[in-house]
Amino acid sequence: MDIERAGGRGANQLRPIDCSRDVLSRAHGSASCSHGETRVLAAVFGPKAGTKKNENPEKACIEVIWKAKTGLIGKIEKEFEMILKRTLQNICLLTVHPNTTTSIVVQVVHDDGSLLPCAIHATCAALVDAGIPLKSLAVSLCCCLNESGQILLDPSKLEEQKMKAFVCLVFPSSVHSITPEESTPATTKSTEQEIITSLTHGIMAVDDYFHCVDQGRAAITLLSNILKKKMRSQSADNSSKAA
């Protein structure tokens, strides 16, 4: 039996998604991303010479600074900051600019659920805007499990609060369709069936987890195409203005 969701969405239906690049003038790259009412700004600064303490100088260092809408960040935000850093370390080509640090500032504008995926998409768009070399884009979504065992994709804040458990999944997606061929490594391949990151909260059976993964894989191609279209159309607009 289908559950009734706010706005008349189905269990597998995503909220409207928007993504814009080059939204901040003082950053090397920037982007704004929204999933429904959830909105995040991301700014990229660097690469700058030198790495942070305890980082490998033979590779580029990625620094993530998470900023809440108001006040200081808490335990969950610290976890998101760490997960986002590890995700970016998996998709960035860290050997291209060794002994440098690229700082990414993530500013939460509004949180209405699925905050981490929104932040991941904003960050990826900002990295593309800054010209940071990537192996792939990171495409993410949340899956919630309610008490009756039904899975809901892209939950709102209210839905997250009522759910038994949720999982955030991150998949890789090719960058070839939004960046010039000469700036993208020839060895890059689309591996959308892989999982870069998986973050689970709450109590979830193994079978339920794999059902979430299956639902995520089924939706990720559509989500990836939407995000690429948003970034590609803006790249075309910027090229037209430059011409």
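I looked up the lining of the largest cavity and noted Pro47, Ala60, Ile62, Cys92, Leu93, Leu94, His97, Thr100, Thr102, Ile132 and Pro133. The structure is a predicted model, in which local features need pLDDT of at least 70 and side-chain atom pairs count only at pLDDT 80 or more, while totals for chains, interfaces and linings use all residues. Residues are numbered from 1 along each chain as its sequence is written, and side-chain values use heavy atoms, with hydrogens and water left out.

**Cavities**

I took a cavity as a set of points, on a 1 Å grid over the protein atoms alone, where a 1.4 Å probe fits but cannot get out; lining residues have an atom within 4 Å of a point. Grid points are joined across faces, edges and corners, and a volume is the space filled by probe spheres set on the points. My search of the whole structure returned three cavities of 30 Å³ or more.

The largest cavity holds about 60 Å³ of space. I sorted its lining by class and found eight nonpolar, three polar and no charged residues. For this sorting, Ala, Val, Leu, Ile, Met, Phe, Trp, Tyr, Cys and Pro count as nonpolar, Asp, Glu, Lys and Arg as charged, and the others, Gly among them, as polar.

The second largest cavity holds about 50 Å³. I listed its lining as Leu14, Ile17, His35, Ser114, Pro117, Ser140, Leu141, Cys142, Asp154 and Leu223. By class, this lining has six nonpolar, three polar and one charged residues. Strand E6 (residues 137-145) contributes the most to it, with three residues.

**The sheet containing E6**

I then followed E6 into an open sheet of four strands, in the order E7-E6-E8-E9, with antiparallel pairing. Its edge strands are E7 (151-153) and E9 (197-202), each of which pairs on one side only. Strands (E, at least two residues) are DSSP runs, numbered from the N terminus, and two strands pair if DSSP finds at least two bridges between them. I counted three bridges joining E6 to E7. Leu145 stands opposite Ile151 in E7.

**Cysteines**

I searched the whole structure for disulfides (a pair of cysteine sulfur atoms within 2.5 Å) and found zero.

Cys33 counts as buried because its relative accessibility is 0%. Cys61 likewise counts as buried, at 1% relative accessibility.

Key: Buried < 20%, exposed > 50% of the residue type's maximum accessible area, 1.4 Å probe, protein only. 1 Å grid on protein atoms, 1.4 Å probe; cavity = no way out; pocket = protein on both sides within 12 Å on 5 of 7 lines; lining within 4 Å.
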